[in-house]
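Have the sequence and the 3D view open side by side, and let us walk through a few spots together.

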Amino acid sequence: MDNIAGQKSGLSIVTNVAVFLIVLAWLIPTVGLFVSSFRDRDQISVSGWWEAPFSVELTYRTRADDTPTRDGDLYVAEGNIFETGEVQDQFTSGANSIAAFGLRGREPGAFTAGETVDNRDGGTVVVNADGSYVYTSPEPLDDRGPRLYFLAESPPDFTMSNYAEVLTGLDEDERAQEIATGATFGELLFEEAGIFRNFINTLTVTIPATIIPILIAAFAAYALAWMDFPGRGLIIACVVGLLVVPLQLALVPLLNLHNQVGIGQSFLGIWLAHTGFGLPLAVYLLRNYMVGLPRDIIESAKVDGATDFQIFTKIILPLSFPALASFAIFQFLWTWNDLLVAKVFLPSTGDAQVMTVKIADDLLGSRGGDWGILATAAFVSIAIPLVVFFSMQRYLVRGLLAGSVK
Amino acid sequence: MSPILQGIITIIVGVGGCVGYFYFANLFLDKVLFPAKGPNAGRNINRANQIRPWVFLFPAIFALGLYLMYPVVGSFIRSLYDRSGDEFVGAGNYIRLFNNPDFRTAFLNNILWALVVPALSTFMGLLIAQLTDRLKWGNIAKSIIFMPMAISFVGASLIWKFVYAQDPDLGIINAIRTSFGGDPVDPLQIPFWNNFLLMFILVWIQTGFAMVILSAALRGVPEETIEAAIIDGANPFQVFFKIKVPQIIGTIVVVWTTITILVLKVFDIVYTMTGGNYGTEILPSFMMDFMFRDDGQATAVAFVIMLVVLPVMIWNILQARKEMR
């Protein structure tokens, strides 16, 4: 046996390393999204999220002092570039340094810090690493001061601004404007066309679309499991067969039907659709579970004079809690995450749009390059499912096993 | 507050209506239609009990019939008419489809998806289930692998859009590539191979599902058979492939089929990642191209998907019948 013991310790290291690598590969994409959602937009475009904890070199533009002093024939503007009007908000920490500077927007980092170069005015300019600059010119300076560009190390910048923008649909300036006119952030959430509205829509779709099929399926599963009537086997076989029917098949005929009966594209329509599509799995899972409940309890309740309705509500429902919970989680995740049904059974624009549609159709289209916004929107949409998932994982796994392993 | 209030009201009406149906239908049956008193009390109770299963089943049968059975027939009929549904064209839609090179691409890609994704997910799931079996931090590892199950296909696509991004400051793949001196490429535009990149997203989502079920199945393998094999000198690989896998082959097949069914329905990933461009079209996303403007073609594609699923469906029903006996 000792050769086995020997192999085991060797294998165990390999196993640990292999699992660690797989877990890392599984986790990295989501971590990237999470980190990106908190990063400043400028930083996202110049360094990868894996470099987020480090400072990055960003380009800034500003204007030198506009009140020069005279030094012989020359007009001289002096000062510290970090204290100039256009950038002073962004350098409040005090410990900043400049890597390069430039005089034109096309070459913001043409010269290294400390180098003295000629400027267009016929004088010279120098910007030192500590931010101090000297700008000289034989001519009087422009009213607003001469333009300067520089590259500076910018510290890691984690911000909730992406979230505020995604949730309200307003960028920083627009939010500031609205708040200046007296609106609170809460009002912005509800009144503006941000993703918060889609979030509420998703909830409006999801909650009834989770509860209704469970109710219907629980009654049906009870009938199929514990009531005797002709045609029972056929119905069960149908349910199993319907587990497989592709959703795509249902879209065109049902949308037409909804339009004919006047439901059209509405919340009611999408609840009914989700109910129909979720039912086979629900009936199947719940029936399998209920059949396994002890016959004695149900029979003794019947002997004591309980009606089927009482048996169902007082005995079966409480006993079936694990299966009900597991299906509820499934249906919740499925309806929350659904794109196809929402695209077809809800109006494609406006007030009733759910989050997945908003992200897939609106944000990816119009904000395709705005990675900070995309990351944040995606994270808002997966946050609730992740919370549900991690807090209810036990039930989910139990239900999965009850339904699929015999 | 209006959207929230509106939401709450609609929720109460919807859920309340459903609860009301069961409660009052049952009450009606027992008190009004066949009251369990008077001269015919006994007969009435029996009659009520004959009808009750159908009261309980009615909403389910109605919803199943309307939302799943009617569409099978409805779609087929609809697929025989032209784009607006006015003129009967017979197999015209199908002929047009099979002459459409995009459809052929989508069909072939779909077959590729249906082969690769279930195979890879089941294999990875089995592998991870086995590897984490004796690990101290196995449960944490499993939770992390299982996590993508909670994420929407749209969310997952966005997550992977970051990974596959062409800009080496965004996409980790191109970051690694350029750090070795390569030029950044757009992985999603590499013909043929881009399909596998999209498939991997689904594998990423589904491996956790396979892992959870297969891990339970592995635990169910009787200890004695494993011990006997070890005493006979089997190495861990032999124990795994010759003792454990054959005993859980039934569960492997179930997992494989479940994922296959899912693959045939999924359209979100292709829709979000490439919109079906660069030769990545699959049938469900191809169908979306016709949705809302050519119902004839759209239903024809849906019916082709149905035909592809049909064998799985029949197998499922036979399996269920076998179990019930």
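## A bridge between the chains

B:Arg52 forms a salt bridge with A:Asp308, and their closest N and O atoms are 3.7 Å apart. This pair crosses between chains: B:Arg52 sits in helix H2 (residues 41-78) of chain B, while A:Asp308 belongs to helix H11 (residues 308-319) of chain A. Both B:Arg52 and A:Asp308 are buried. Please keep in mind that this is a predicted model.

## Other salt bridges

How many salt bridges are there over all chains? The count comes to four. One of them is formed by A:Glu299 with A:Arg295, with 3.3 Å between the closest N and O atoms. Both residues lie in helix H10 (residues 295-303) of chain A, four residues apart, or about one turn of the helix. A:Glu299 counts as partly exposed because its relative accessibility is 42%, between the limits of 20% for buried and 50% for exposed.

In chain B, the side chains of B:Arg219 and B:Asp133 meet in a salt bridge as well (3.3 Å, N to O). Here the pair links distant parts of the chain, 86 residues apart: B:Arg219 is in helix H8 (residues 193-219) of chain B, and B:Asp133 is in the loop between helix H4 (101-132) and helix H5 (138-146) of chain B. With a relative accessible area of 53%, B:Arg219 is exposed.

## The sheet in chain A

Now turn to the open sheet of chain A, where five strands follow the order S2-S3-S8-S7-S6 with antiparallel pairing. Strand S2 (69-71) and strand S6 (116-118) of chain A are the edge strands, each pairing on one side only. On average, neighbouring strands of this sheet are turned by 25° against each other, direction ignored.

Within the sheet, strand S3 (residues 74-80) and strand S8 (residues 132-137) of chain A run antiparallel and are joined by six bridges. To find your place there, look for A:Val76, which stands opposite A:Thr136 in S8(A).

## On the surface and inside

A nonpolar surface patch of about 470 Å² is made by A:Ile13, A:Val17, A:Phe20, A:Leu21 and A:Leu24. A:Ile13 is placed in helix H1 (residues 2-37) of chain A, and it counts as exposed because its relative accessibility is 57%.

Is B:Asn174 buried or exposed? B:Asn174 is buried, with a relative accessible area of 0%. This residue lies in helix H7 (residues 172-179) of chain B. Leaving aside neighbours within four places in sequence, B:Asn174 is in contact with residues including B:Tyr164, B:Gln166, B:Asp183 and B:Pro187.

How values were computed: Residues numbered from 1 in each chain as written. Chains lettered and ligands numbered in written order. Predicted model: local features only at pLDDT ≥ 70, side-chain atom pairs only at ≥ 80, totals over all residues. Heavy atoms only, no water. Pairing = 2+ DSSP bridges. Helix = DSSP H or I, 4+ residues; strand = E, 2+ residues; numbered from the N terminus. Axes fitted to C-alpha atoms, helices over the stretch in contact; angles between N-to-C directions. Patch = residues over 30% accessible without salt bridge, like charges linked within 9 Å, V, L, I, M, F, W, Y side chains within 5 Å. Areas by Shrake-Rupley, 256 points an atom, 1.4 Å probe, with all protein chains shown as cover. Buried < 20%, exposed > 50% of the residue type's maximum accessible area, 1.4 Å probe, protein only. Contact = heavy atoms within 4.5 Å.
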